[in-house]
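Look at the structure below before reading on.

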Amino acid sequence: MQPNNYTLADATAADAALSALQVAVCQQYGSDVRYPKDCQALAESVRERTGQVVSLSTLKRVMGLVPATSGFSRFTLDVLATYAGFASWEACVELQRPALAPAGFGAMAQHAALATNNTLSVLREQCGLAYEQTIARHFALEHWQQFRASTCVATAFVAEGGYGKSVLLAHLVEQARELAPNDILWLVPAWQLASVPPGQSLASCLWEKGAGNAPFPEPGTKGMPNVYILLDGLDEATGQAVQQEVLFRLLSDAVAAHPQHPWLRLVMTTRPVYWEQFVQWMGRRYPRLHQQWFGISFDLFGGRISNVPLLEPREVRDILSRLPQAISYDAMSSDMQALIQHPYYLQLLAQASPGPVAARGSKLTLLRAFLHQRVHSTRFGFEKTALLNTLIKAILENQTNWQLRRTDFDELILRYYAAYEELLTDGILREERSIGPWQEVDTYIRFGHDTLLEYMVARHWLETRKGFTLELARAVVAATTALGHRLEVVKYLVLFALQQKQFAELSKIFDLALSESELVELGHFLGMELRTNREAAEALNPLLAAQPSGQLYFVETFVDQANLNRAYRRTITAYLQHKQTPEAQLFGNCMLFLGDFLKEDYAACTEHIAAIRRVPHSNAFHSFPQGRRVFSELVHQYFVEGQPEIAFSMESLQNQAREIPRSRSSVDLFPSAYQFFPAGFHYFVAEAFFLMQRYAELLEWHDFTLALYPELEDYQDNVYTQILQAFRAVALLHTGRPSEAEAAYRSLALREQLDQYSWFKDYYIVYYLLTEVHFGRVGLSHMPLAAALANIEQHAINRQMPFYTTFARRLVTPPNHEK
């Protein structure tokens, strides 16, 4: 063991001497004392050299392997000092008296050393492998040394789960203690930040805990050491003890206030998704703070965020050589070698190998790792473990409703692998691939190995009934309710039916006895699937548009605005032919109007507005088509007819809004499905004001909406709520309230919500980009103005919606009469 042996002016001699004693004991013993089991041999060595006995529990406390809740007896300290080569404990103390730094840091060093030792003990015990089988990562030490030599305040190790970030940090602390013994290293799990009192800064809290009553050092004080706070598991902290916003504020404030406490620097580990959220939050509060971070990407719009590389072959060989029964890396296939460069998969291989750590179930886990490697390596490739447990339980407990027989583990492995191969052969399972933020989402990520059980059930039914029929789907729904995975089975049946071109049978799929939330999700699934299957879409979409259930759960639920000038337009045209109700005619013609408006085909818009006006008004209609009617009238008058005055008075719009019955809403059922958002009418009026650049009216309308629908405060995870908040931020900017506008802009979570719901992102990303343009003009945007404009232009080309390019250019270079 090599503890932090930093000695300072105000440290009691005993405090500093304890660290020196630990080092000297290790040197006399001839080896580091890293684990509690090492103390058995150390105790025997002490007895042989001194003739005295020190108990195992005392040795563990003295060496920092377990928490030391009280002091040590003079007898114990004298025995160990004599063993280490000192004349006595007092002699050891006398050697540690030189003053090296300002008051307070000595006590902090000792406090930090104890806390770090405790955390190291926990990390070693929780390691997936025996800690002595793990290695220090060369890149991490190099990263640390470069960070230490830089002027940056903070750094982070960012990688998905399973990359060994905690073990990496543990080894790094051990190396840093040896290389820079005068640094103070304070390693703690990030959830312990919950102990920071509300309103107190991280620096002042650490000083109180570590330095006691010593005065807080002034920024210009000479001789201050570097104090590194190493936080493990930032992403896990909010799930345990700390609210996300509290944690983000605490850390970003600590970096921003570094000139006030130049001794404090931060190191942390986290996952990419959480890092993205932190960067976005920090960007809203401190737009230029990224300059204080070392060696980590702030490019959330296409760059690779993870900075922890896979294991190098030499590192893999080193770990394999440490296993109880060494495994030859060079004898492996190239696929296997590539797989186990991922630390998590290498851990699984080690657990599955013969020896003390072998576990029977690890073979299954290793197989899962092999299979998962086919669909890993993307931003969508998160670890999923629940399926395998369900699969084993279903088969081994002989749950007959799944029609699967009992089998042992070996046959289960073969069956599992064979089923996966069938997935690939059948073309049902598509490999996941990275999708850039502004690219078309043309590949829908359907399945991974986590739904393999449902696939096997679907195969069984199809083989039994000789192909897909609606009656087969009904039988499956009736027979598979027990485990609650019936919708996943139905999705597989749908995919098989698409391959078999059973379009007539599929057109009635929404007649199945599923719950409403399942039907909504099935409509979303089928809509995404048909986006990439043009042949099936051409044949099936008109049939769905002719079926009442298809009209409700496909056409009206999966409102595919991103493809409004492509496949979805043909669907809407067929829908209007088959559903003649006034509400359906209003909805369909409003959608056609929107498509042609965005295509800048204003002649067609005039035809559609005439059709819209022929539909009688009724407050019984859903709020969304009523809102689309007003949107169409407003933008037609402003953009097509060129009349600058608003077609409706604010009073008349508000009166109409009050008369519309409240839409049934549910935050939990399907958060982004439009028919479950309660303020649909209000959203479309706000959207029209935004495009018309009527910012005063937009603010008034926004306030009116919140007064009428206070429950929108509970819809913060909804795309429409976030867009409304973006509209408000822009309106504040253009109505002479810049500080309020910036605060509103910094608090937006629109991009995060769009990332969660790709169906909405494909279309509504344009409003995120337009918001960036507005704030980019005044130098406040997250994204460079040129990049935002380029992305809008690409979006307009991809979606056949040139209006957005025209509109964005007009924002940047308005006509002379608007300047």
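## Val520

Val520 lies in helix 23, which covers residues 516-531. The model is predicted, and the values given here are computed from it. Is Val520 buried or exposed? Val520 counts as buried because its relative accessibility is 1%, and the cut-off for buried is under 20%.

Thr557 is 37 residues away from Val520 along the chain. In the model, the C-alpha atoms of these two residues are separated by 6.7 Å.

## Glu697

Glu697 belongs to helix 32, made up of residues 695-708. Leaving out residues up to four places away in sequence, Glu697 touches Ile646, Met650 and Phe689.

Ala731 is 34 residues from Glu697 along the chain, and the two C-alpha atoms are 8.9 Å apart.

## Helix 37

Helix 37 runs over residues 785-799 and has 15 residues. The distance from its first C-alpha to its last is 21 Å, close to the 21 Å expected at 1.5 Å a residue.

Which residues of helix 37 are buried? They are Ala788, Asn791, Ile792, His795, Ala796, Asn798 and Arg799. Seen down the axis of helix 37, these buried residues fall within an arc of 165 degrees, so they line one face of the helix. The face turned away from the buried side of helix 37 carries the exposed residues Ala786 and Ile797. After helix 37 comes Gln800, which has a positive phi, near 55 degrees.

## Nonpolar cores

The largest nonpolar core has 132 residues. The members that touch the most other members are Leu498, Ile509, Tyr683, Trp701, Tyr767, Leu770 and Tyr804. Helix 33, residues 719-733, gives the most to this core, with eleven residues.

What is Leu498 in contact with, leaving aside neighbours within four places in sequence? The contacts of Leu498 are Phe503, Leu506, Leu526, Glu529, Leu530, Ala536 and Leu540. There is also a second, separate core of 48 residues, which includes Ala156, Leu231, Met268 and Val279.

## Confidence

The average pLDDT of the chain is 78, and 77% of the residues score at least 70. Over residues 1-12 the pLDDT is below 50.

Note on methods
Residues numbered from 1 in each chain as written. Predicted model: local features only at pLDDT ≥ 70, side-chain atom pairs only at ≥ 80, totals over all residues. Heavy atoms only, no water. Helix = DSSP H or I, 4+ residues; strand = E, 2+ residues; numbered from the N terminus. Expected span 1.5 Å × (residues − 1). Buried < 20%, exposed > 50% of the residue type's maximum accessible area, 1.4 Å probe, protein only. Arc of directions from axis to C-beta. pLDDT = per-residue confidence, 0-100. Contact = heavy atoms within 4.5 Å. Core = buried A, V, L, I, M, F, W, Y, C linked by side-chain atoms within 4.5 Å.
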